Amino acid sequence: MSEQKIPYKIYLNEDEMPKNWYNVRADMKVKPAPLVNPGTLQPMTAADLAPVFCDELIAQELDNDTREVPIPDEIRGFYKMYRPSPLVRAYCLEEKLGTPAHIYYKFEGNNTSGSHKLNSAIAQAYYAKKQGLKGVTTETGAGQWGTALSMACAYLGLDCKVYMVKVSYEQKPFRREVMRTYGASVTPSPSTETNVGRKILAEHPNTTGSLGCAISEAVEVATSNPGYRYVLGSVLNQVLLHQSVIGLETKIALDKYGVVPDIIIGCAGGGSNLGGLIAPFMGEKLRGEKDYRIIAVEPASCPSFTRGKFAYDFCDTGMICPLAKMYTLGAGFIPSPNHAGGLRFHGMSPVLSQLYHDGYMEATSAEQTAVFEAAEFFARTEGILPAPESSHAIKVAIDEAKKCKETGEAKNIVFGLTGTGYFDLVAYEQYNNGTMTDHIPTDEELAVGLAALPPQPTF
Ligand SMILES: *Cc1c(COP(=O)(O)O)cnc(C)c1O
């Protein structure tokens, strides 16, 4: 076969878009551990979860067996407004690096929310609407998830209540205004609207809030208001299921040109984009059909995979959510204030945690100044201003491409470019001014969070 010239961007047609999500759990021999009730230490049933989450999403959360889950037409219709997303062959980057490697990235930043989070936001909002609910509640840190959810809710006519970590609410007014433009109510957390918020404010009147605290507020509001449920933008099995659209499109695009990846790289916060990108490739690996190197990249300042423990832990600091078995730094872990980008969650998707534990993927960490160096290099070379989160994957993709230069190997490297960095310019400003610093927690600092893990189930 004569070699086909691969275009700069491999676009799919609308009708080539996946019609099903792929549930990688169906192919896992060791399934991810179930969510557990913190009181009884028994697995959560659908009935236990029903006050918090939408019914159909609970069914997806608990379903470890169905391999293909049809994407409802309404969701595909919404996807078509911004999907299929391009798979870009990074010719310019390859040339600048002088590497024989072939580099591809799947770009998920081409929508107003600026990230892949919209893929799950529309799915979660759709199932809430279908259940006849009035609205959904959620938390947001930097604001990507809240923005994506507010867009999805506006489209479906659902009420959207976002609890935004107070420091971000005050320091990142732009995302807040995007959310309000899409009709969401945005409340700085901790607030005086909830019992948990009032309690935290009474104890710590000057707190600037945390993600864990905002989760607790959003869950309380969902469970105490009829017609509302809580939704979460990462970590959960259902979110990885929805995000599999990223990997499925990537595979269809690569298959068109007969390209087989050697290395697949993604940044890992709660694990949803990486879980989505690798899903169909991991499926082949689990079924013994193919082998790929799969690399998760996390910040050195919040290193759940590389320095955490694989154990049951809380997902929130208010400790009202179910326990999940995952690589964790402890629910009390708070990344240092100099941590610029996202990826600040203390835990990791139970699916990816199990796969990592069983040796199906690797993990590495990157320090933030090196990540921003890679971001700057990428922006100047490929033209896209990357999100700091995405730039963790860029950093490691560049490192791997440089290794290929040394060995002369023409490896195929695929990475996830999860979003754009237009709302992260304060971090870019620090980098440009030379005031950005790196913080790597000491073993002693990490020991504090890890010492506070809850009692472990014995089943
Ligand atoms: C939220 C976010 C991430 C990290 O979340 P995951 O669930 O680990 O994918 C990465 N990149 C961008 C742009 C994000 O908004």
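Helix axes here are lines fitted to C-alpha atoms over the stretch in contact, and angles run from 0 to 180 degrees between N-to-C directions. This is a predicted model, in which local features need pLDDT of at least 70, side-chain atom pairs count only at pLDDT 80 or more, and totals for chains, interfaces and linings use all residues. Residues are numbered from 1 along each chain as its sequence is written, and side-chain values use heavy atoms, with hydrogens and water left out.

**View 1. Helix α6 packs against helix α8 (residues 173-181) at an angle of about 15 degrees.** Their axes are 8 Å apart. That makes α6 roughly parallel to α8 (angles under 35 degrees count as roughly parallel, over 145 as roughly antiparallel, 65 to 115 as roughly perpendicular and the rest as oblique). Helices (H or I, at least four residues) and strands (E, at least two) are DSSP runs, numbered from the N terminus. The crossing of α6 past α8 is left-handed, meaning that the near helix is turned anticlockwise from the far one by less than a right angle; clockwise would be right-handed. Look for Q144, G146, T147 and S150 of α6 meeting R175, V178 and M179 of α8, where contact means heavy atoms within 4.5 Å. By class, this contact has two nonpolar, four polar and one charged residues (Ala, Val, Leu, Ile, Met, Phe, Trp, Tyr, Cys and Pro count as nonpolar, Asp, Glu, Lys and Arg as charged, and the others, Gly among them, as polar).

**View 2. Helix α5 (residues 118-130) crosses helix α6 (residues 144-156) at roughly 45 degrees.** The two axes come within 8 Å. That makes α5 oblique to α6, and their crossing is right-handed. On the α5 side you will find L118, S120, A121, I122, Q124, A125, Y126 and K129, which meet W145, A148, L149, M151, A152, C153, Y155 and L156 in α6. The contact of α5 with α6 divides into 13 nonpolar, two polar and one charged residues.

View 3. F78, Q238 and F423 are worth a look: they supply 24% of the area that domain 1 buries against domain 2, more than any other three residues.

**View 4. A cis peptide bond joins R83 and P84.** Its omega is about -10 degrees. P84 sits in the loop between α3 (73-79) and β4 (87-89).

**View 5. The peptide bond from S189 to P190 is cis.** Here omega is near 5 degrees. P190 belongs to the loop between β8 (185-189) and α9 (195-203).

Terms used. Buried area is the accessible area (1.4 Å probe) that two parts lose on being put together, summed over both.
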